[in-house]
Amino acid sequence: MFSYIDFKNFRNIEDGVINTNSSSIIFMGENGQGKTNILESVYMLCYGTSFRTKKNKIIVKNGFSYMSISGDYKNNNSISIPVSIILKDGKKSIFFNNKKTESMESLFDNFPCIVFANDDINFVNGEPVFQRKFIDQMIVLYDPLFIYKLREYKKLLESRNKLIKENNIKLLDIYDKKLSVLGSFISSKREWFINYVKNDFSNIMSDLTGKEVKIKFLSSYKSFSVDDIFEYYINNRKKDFSIGYTSVGSHRDRVFFEYEDKNFVSYASTGQIRTIALVLRILQARFLFYVSKKKPILLMDDVLLELDPCRRKKLLSLLPEFSQIFFTFLPDEPAMNYLNIKNSIVYSVKGGRVFIA
Ligand SMILES: Nc1ncnc2c1ncn2[C@@H]1O[C@H](COP(=O)(O)OP(=O)(O)OP(=O)(O)O)[C@@H](O)[C@H]1O
């Protein structure tokens with residue numbers, strides 16, 4: 001767990017050190033005061049990047065060209081690992097254990113972290129691209145190479161779409177062969193993952209909502225054999241040329257939430273949609289604990305709001321063991337009634353100033 005975080009020119013957060021030497025830290029405050037910014041800083045120390053933006057510039061306090069966040073991570077053996085992220089004139093430097101590093105993996109391997117963010121509901125009712133992103137995040141947790149295969153697939157797909165637009169059939173065989181190999185790898189891994197979590201997903205959903213909601217993986221491939229996929233690409237070429245892009249492939253994979261043979265999401269309540277998003281994150285956190293054998297840091301950003309106290313309590317009881325948990329809440333939220341976590345440090349956040357509540 002992080003015993004402290006030191007801020008300098010980070011978003012709207014006042015410069016200085018916040019003591020986080022507890023397994024549970026709570027930030028309370030009105031909207032727009034800086035609570036999420038603090039969770040973002042913890043995430044950045046764990047991953048080297050933000051979960052909210054790719055634009056480094058907006059992370060630096062307005063009017064400055066430099067920012068730093070530093071923390072001291074105590075691992076299971078109580079060994080301290082200092083870590084810092086510095087952004088200067090748009091350039092990022094990461095210091096891990098007092099040495100400059102280019103590798104995000106060394107951060108992530110040491111500080112496993114899962115964020116439960118407000119827009120996680122996109123995994124449930126958003127475009128399929130968000131669903132794929134969620135599954136891919138999980139797969140990368142145990143297979144870092146997966147990300148490279150995904151990038152390769154995206155590049156090939158772009159080139160194939162270009163060929164289609166140019167009405168150029170000559171090189172298609174080469175692209176389709178390569179896409180078949182990558183597509184088979186990517187989609188079969190995604191299916192494997194959904195199969196891995198589907199029973200837990202249904203059991204938890206049934207416990208929380210009283211409904212037998214199922215999660216299903218839908219792929220545009222009918223089989224994951226490379227030869228079958230290759231043939232499939234060939235058979236779809238006519239259609240692809242008529243619509244001007246590649247109509248089948250791993251880029252069309254999606255997830256379906258089914259209840260009584262129907263699409264659950266189309267008539268689920270806001271609370272039920274939020275519940276699905278939370279359950280998916282819980283499964284992700286459990287999976288991370290399982291593959292890394294390390295207790296993760298959990299960041300819970302305003303995600304319990306839509307749920308009644310009984311469901312909040314239940315959901316929190318389903319979390320895996322964690323090394324540290326950070327919450328954000330609106331003021332006057334009776335969080336302590338259902339958190340049941342001893343020795344929390346509770347802070348108020350107002351205009352970027354953080355003080356003991
Ligand atoms: N680079 C920056 N420099 C200065 N202030 C910033 C910067 N980036 C964001 N802010 C400020 O941070 C505040 C937003 O903080 P944050 O997103 O943490 O809100 P929050 O307390 O989590 O509220 P909510 O409950 O609405 O999510 C806004 O006032 C915004 O103007």
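How are α4 and α8 oriented relative to each other? In this predicted model, local features need pLDDT of at least 70 and side-chain atom pairs count only at pLDDT 80 or more, while totals for chains, interfaces and linings use all residues. Residues are numbered from 1 along each chain as its sequence is written.

Helix α4 (residues 128-142) packs with helix α8 (residues 270-292) at an angle of about 10°, their axes being 9 Å apart. Axes here are lines fitted to C-alpha atoms, for helices over the stretch in contact, and angles run from 0 to 180 degrees between N-to-C directions. Helices are DSSP runs of H or I with at least four residues, strands are runs of E with at least two, and both are numbered from the N terminus. Angles under 35 degrees count as roughly parallel, and α4 and α8 are therefore roughly parallel to each other. On the α4 side, F134, M138, L141 and Y142 make the contact, and on the α8 side L280, Q284, F287, L288 and V291 (C-beta atoms, placed from the backbone, within 7 Å).

Turning to the ligand, 17 residues surround it, the closest being N12, N31, K35, T36 and N37 (C-beta atom, placed from the backbone, within 6 Å). Helix α1 (residues 35-47) gives the most to this shell, with three residues.

An automatic or database assignment gives domain 1 (2-112 + 297-356) and domain 2 (123-266). The C-alpha centres of domain 1 and domain 2 lie 33 Å apart.

Notes. Angles under 35 degrees count as roughly parallel, over 145 as roughly antiparallel, 65 to 115 as roughly perpendicular and the rest as oblique. Two residues are in contact if their C-beta atoms, placed from the backbone, lie within 7 Å.
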